[in-house]
Amino acid sequence: MNDPVFVVGVGVISGIGNNVAECLDALVEGKTGIDKIKYLRTNHSDLLPAAEVKLSNDELSAMSGLAPATSRTAMLSMIAAQEAWAHSGVKKNIPSLRTGFVSASTTGGIDKTEEFLTHFLIDNNKGKLRDIINHECDSITTMVADKLGIRNHISTISTACSSSANAIMYGARLIKHNMLDAVVAGGTDALTRFTLNGFNTLLVLDGKYCRPFDENRSGLNLGEGAGYVVLVSERVASLLKRDPYCALTGYFNANDAYHQTSTSVNGDGPYMAMSGALEMGGLQPSDIDYINLHGTGTQNNDSSEGAAIQRLFHPHYPKMSSTKSFTGHTLGASAGVEAVFSVLAVHHGMIYPNLRLQTPMSAFPFVPETAFSRQADLKHVLSNSVGFGGNCSSLIFSKL
Amino acid sequence: MKAYIRSAVAISPQKTFNNPAFLDDPAEYRNSRLTSIEPDYSEAIDPRSIRRMSRIIKMSVASALACLKDAGIANPDAIVTGTAYGCLEDTGIFLTNIIQENEEPVTPVAFVQSTHNTIGAQMALLIKCSRYNNTFVSGGASFENALLDALMLLSENNAANILVGGMDEITDTSHTVLSRLGLYKRQPLSNLNLFNTNSKGTINGEGAAFFLLKNTSSPNDLACIEAVATFYKPEAATELRQFINSFLVSESINYSDIDLLILGNNGDSKNDEIYSQLQQSVFKGTLSINYKHLCGEYPTSTAFAAWLAANIIKKNNIPVIFNQGKISKNKINKILIYNHYQNIYHSLILMSSC
């Protein structure tokens, strides 16, 4: 049960790039993906910036091999999962394995449901059925699993903004329980009018580019994307030609049980998630070299997450940053996108900057990184996720 | 991986909630939409909380709270839910609002409660449960994944008791859309005659069922969950038989050990062919009952089936509505639930007397 699980492949698409290499370049160069909304048809495009993937649905269709009328969520998932799966070499080198696809999403095919409902509301006999049949998150997952040729286990998780972290945990546990040999795990979410208007009505969107962990932060920017890691058992890792990127050494799921949409003042949820992951990995807080923050840029999240970090790490703080300053908040995909960034940080010994940080939060003695740096001896990276409904999960990736 | 069912509570289109009688007075429906028989929630849920809750949240929270109460557990070590559609009503309200108000929706309430994890989250909030909390939205395998997660958690020794549930709701919009997709019977019929029509289409259903699972036995356990498995899109009938065979092998039982099969027949002739083929091969001679005439067809109907199996084992009684007459065996020790949802996910849940 305590056998290690290894990361042998990564794939990502986000506002800063359509694959791992492009995203990495942007992270190194400090180039944000947040911009004026260009692809989503919305009345808010002039007022609310977002980090869209810089491709139209037609372009995504060509890249993913899915029909242009497919949900954008599925196309993003396909591109990132395919990159991770192909790159891992698992299917090519060891074709007979028991494989699984555990994908997370909050939006599913709701971008298409929006189109359907526009016609349906006028006349219940109107609206193209092909626009509604993939409303469920599970349809997105199975569509991609079929294209990847994965069929031993398929499942979908939806726990708001921590969804992908729970997908990665579940995938790792299916391997540890010897039910699967290899799992593609992560998540996907497209920018939709549903989520844009939802967060706008909650008054948590910044009309300017977001400033996570800044004293004067005033909300988040939404993003979109997908991120997946390929997890394998030790046996499978030993059969592959390339060394694994790193090991997934710790994870923990806890609930803040405070409020449906905000996190407790003391950060109980994130505190429990982080300390649980450390305990599982047999690690001390001082072992963590870098924290990839949840860091949305809202007043509530950053003060709550910051309080949890202070409780756990004071007085020796690891380096930390929120890459949502690059990608925006990709919701159900965020923990997948950030897991990929965390894996790359461990693998290459890199620490990403927290963009646009001018005035550090006065409540805390720590300051997130403002410049890109390299650290060859980087051993353990902690990735945090906090979501609606109090769902908090943390993951730890460790150098081999 | 074995779990002891300490309590099981269902709100369904039958009188299953707060009712000591066991399906002795089946509710009859004469159209293709079966609606849950809901209790007076003010007895089960704090009235201040009820006001904002949609139907699926109320159904789920009321059954989850009753389940905890029956088990005598105030705060479980984990809450795991499975729902294919999530909170459809709130999703529909907010989407409609966006479209009709031209992207100037007035209130975020429906948006906030539309997320798929709302039920698990509401439960955590209501009982202040800060432990493991997860939600599966795996279509016709949502409840099965929630069960699998619970069984794994129990064997990982991090949890001694787990609240696990499956739930889905019908809304006017979903019923209209699914009807347009041709899923339901075109002619009116009684749900109690569902299996006598030999025609296309099924009947729509909904419900919520919760279970309190423990890693140790106690005198009042209803039954045990021995194992759960899912199988994705079988390419041929032989593959399906292999899946069932290897499941039984891994559980070290023979077909003859199964005292009762609970099958997911839904009245659609094409859908049900898969069950009849298996009943002519691997399941030949095994006593079987159907359940979807009582709860309707929906992606998490196996949660209702598991509630049914737990009660049959505990009471050692198959209610008259299942038309089994007198059964030859003295004791129903092992029940196998086999269901497939639209031939995408096939699942097996093995339950036993404790």
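## Confidence in the model

pLDDT is the predictor's confidence in each residue, on a scale from 0 to 100. The structure described here is a predicted model, in which chain B averages a pLDDT of 96, with 99% of the residues scoring at least 70. For the complex, the predictor gives an ipTM of 0.98 and a pTM of 0.98.

## The interface between chains A and B

Contacts between the two chains involve 48 residues of chain A and 47 residues of chain B. On the side of chain A that touches chain B, the elements giving two or more residues are helices H5 (110–120), H6 (137–148), H7 (163–176), H8 (193–201) and H10 (268–281), together with strands S4 (153–157) and S8 (246–255) of chain A. The largest share of that side, five residues, comes from H8(A). Sorted by class, the side of chain A that touches chain B holds 16 nonpolar, 24 polar and eight charged residues.

## The two domains of chain B

Chain B is divided into domain 1 (3–214) and domain 2 (226–352), and the centres of these domains, taken over C-alpha atoms, are separated by 22 Å. Where the domains of chain B meet, 44 residues of domain 1 are in contact with 36 residues of domain 2. Strand S1 (3–11), helix H6 (142–155), strand S4 (161–168) and strand S5 (207–214) of chain B each give two or more residues to the side of domain 1 that touches domain 2, and H6(B) gives the most, with six residues. That side of domain 1 divides into 21 nonpolar, 18 polar and five charged residues.

## The nonpolar core

In soluble globular proteins, nonpolar side chains tend to be buried together. The largest nonpolar core here has 243 residues, of which A:Val7, A:Val229, A:Leu231, B:Ala150 and B:Ala309 touch the most other members.

## Local features of chain B

Helix H8 (237–250) of chain B has 14 residues and reaches 20 Å from its first C-alpha to its last, close to the 20 Å expected at 1.5 Å a residue. Just after H8(B), B:Ser252 takes a positive phi of about 55°.

Key: Residues numbered from 1 in each chain as written. Chains lettered and ligands numbered in written order. Predicted model: local features only at pLDDT ≥ 70, side-chain atom pairs only at ≥ 80, totals over all residues. Contact = placed C-beta atoms within 7 Å. Helix = DSSP H or I, 4+ residues; strand = E, 2+ residues; numbered from the N terminus. Nonpolar A, V, L, I, M, F, W, Y, C, P; charged D, E, K, R; others polar. Core = buried A, V, L, I, M, F, W, Y, C linked by C-beta atoms within 7 Å. Buried ≥ 20, exposed ≤ 12 C-beta atoms within 10 Å, placed from the backbone. Expected span 1.5 Å × (residues − 1). Domains from an automatic or database assignment.
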